[in-house]
Amino acid sequence: MKNLRKRNGWLFLASILLCIFMLAGCARKYETVKAPALEEAQGGLGQEEGEETSPVSIAEDKTGEAPDEKSAETSSHEAAVTMETAPAFAAADETVYVTGSQVNLRKFPSAQGEVLGKLEKGVSLKRTGYSDSWSRVVYQDKECYISSQYVSKDKPAQETASTAPSVSGNGAGKIIAIDAGHQAKGNSEKEPIGPGASEMKAKVASGTQGTATGIPEYQLTLAVSLKLKQELINRGYQVYMIRETHDVNISNAERAQMADKSGADIFIRVHANSLNDSSIQGALTMCQTSKNPYNGTLYSKSLSLSKAVVNGICGQTGFKNRGVQETDSMSGINWCNIPVTIVEMGFMSNAEEDKKMATDEYRDKIAKGIADGIDQYYK
Ligand SMILES: [Zn+2]
């Protein structure tokens, strides 16, 4: 009798434990993250073609550059790392908010995963899954990953007055269109160099890359453009971004037309320069000539904007001021119906300038300098 009661007691305890395990099992439904497909190696980095005609008038050929192997290596390595470490993700369906500033949004859940963009505090995201270290989120219809420590289900408090927009000057409320030059992969299909032109040019070149850092131009231009966006918003402007991720396919003519249609007042095209002569340094800006057959009437405004912007950058960074180059060979200028400038913020072919432009410090300075120029343009 005593034994029987004891056995019943054990059975009772065992069934309680079983229930607890089952409940715990149901609460967290695990799913395995799909291993990403190997990406095609990016081609043509460093070969500035079409839109990026060397702006300093030292005509040199650009053969002999063979940067492709390096980038192919990087992208397959990245995929390999991700597959080995792909964590299990608990499913979720909720809104989360970014709690830090300039938080990386990555293609894969890995610190080596390609950075698709940087997000500011307070941006809301749909979270579809998470592990201890990574959250899988949907941003602009794309699935990407963000470090779990920088997201929260609670909306962060509004910034205090010190960082609130200071609306002043003639530019207050004006819309500024920003184009971060290039994209992850160039597009060598052709398009007319201007409306109705018979001359054709590549839709969008793949851009250059840092001679010392290996950073591709499209990453540098977006990093600076996102800082510029924030700086302009802080100064009371509205901003229209042509792209906020690398994985886009937008031609230079299309970018100009997007800027027009956005209702923007001016168009800032952010690029970095490259030449075979690695000693050449400095910032410059570009605009159309007064005789441009497509938009020559915008010449004086574009020139005034270009001058103000290059002076602004050099004022902040101390870079050599190479002034304004006038050219009618840029599709992204020729297709534009608002004042426009191409900013060549510095030379990635110069090791010193390349290394500077790789730092947050100088990227901030460049963004502030461009914004100073825009303020000056509206004075
Ligand atoms: Zn460029």
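The questions and answers below go from the whole chain to single residues.

User: What kind of model is this, and which atoms do the side-chain values use?
Analyst: This is a predicted model, in which local features need pLDDT of at least 70 and side-chain atom pairs count only at pLDDT 80 or more, while totals for chains, interfaces and linings use all residues.

User: How many helices and strands does the protein have, and what percentage of its residues count as buried?
Analyst: Helices (H or I, at least four residues) and strands (E, at least two) are taken as DSSP runs numbered from the N terminus, and on that basis the protein has 8 helices and 16 strands. Buried means under 20% relative accessible area, exposed over 50%, and partly exposed in between, with a 1.4 Å probe and protein chains only. Of the 379 residues, the share that counts as buried is 48%.

User: Which protein residues are the donors of the zinc ion, and at what distance do they lie?
Analyst: Donors are N, O and S atoms within 2.8 Å of the metal (3.2 Å for Na, K and Ca), and sites may look incomplete because water is not among the atoms. Along the chain the donors follow the spacing H-x34-E-x53-H. They are His182 (NE2), Glu217 (OE) and His271 (ND1), at 2.1 to 2.2 Å from the zinc ion.

User: Where do His182 and Glu217 lie, and are they buried or exposed?
Analyst: The pair links distant parts of the chain, with His182 in the loop between β9 (175-180) and β10 (187-192) and Glu217 in helix α3 (residues 217-234), 35 residues apart. The relative accessible area is 1% for His182 and 0% for Glu217. His182 is therefore buried, and Glu217 is likewise buried.

User: What is phi of His182?
Analyst: Most residues other than glycine have a negative phi. His182, in the loop between β9 and β10, has a positive value although it is a residue other than glycine. Its phi is near 70°.

User: What is the strand order of the open sheet of 6 strands, and which strands stand at its edges?
Analyst: Two strands pair if DSSP finds at least two bridges between them, and the open sheet has mixed pairing in the order β12-β9-β13-β16-β14-β15. Each edge strand has a single partner strand, so one side of each is left without a neighbour in the sheet. The strands at the edges are β12 (238-241) and β15 (321-326).

User: In which sense do β14 and β15 pair, and what is the bridge partner of Met286?
Analyst: Strand β14 (residues 283-287) pairs with β15 in the parallel sense over 4 bridges. Within β15, Asn321 is the bridge partner of Ala283, and the partner of Met286 is Gln325.

User: How many residues of β14 are buried, and which ones point each way?
Analyst: In a regular strand the side chains alternate between the two faces of the sheet. For β14, 5 of the 5 residues are buried, so the strand is largely enclosed by the rest of the structure. Pointing one way are Ala283, Thr285 and Cys287, and pointing the other way are Leu284 and Met286.

User: At what angle do α5 and α8 pack, and how do the residues of their contact divide?
Analyst: Axes are lines fitted to C-alpha atoms, for helices over the stretch in contact, and angles run from 0 to 180 degrees between N-to-C directions; α5 and helix α8 (residues 360-378) pack at about 140° with their axes 7 Å apart. Contact means heavy atoms within 4.5 Å, and the contact includes Leu305 and Ile313 of α5 and Ile366 and Tyr377 of α8. Ala, Val, Leu, Ile, Met, Phe, Trp, Tyr, Cys and Pro count as nonpolar, Asp, Glu, Lys and Arg as charged, and the others, Gly among them, as polar. The contact residues divide into 9 nonpolar, 7 polar and 4 charged.

User: Which residues is Asp93 in contact with, leaving aside its neighbours within four places in sequence?
Analyst: Asp93 is in strand β2 and is exposed, with a relative accessible area of 63%. Its C-alpha atom is separated by 7.0 Å from that of Lys126, 33 residues apart along the chain. Leaving aside neighbours within four places, the contacts of Asp93 are Lys126 and Arg127.

Notes
Residues numbered from 1 in each chain as written. Heavy atoms only, no water.
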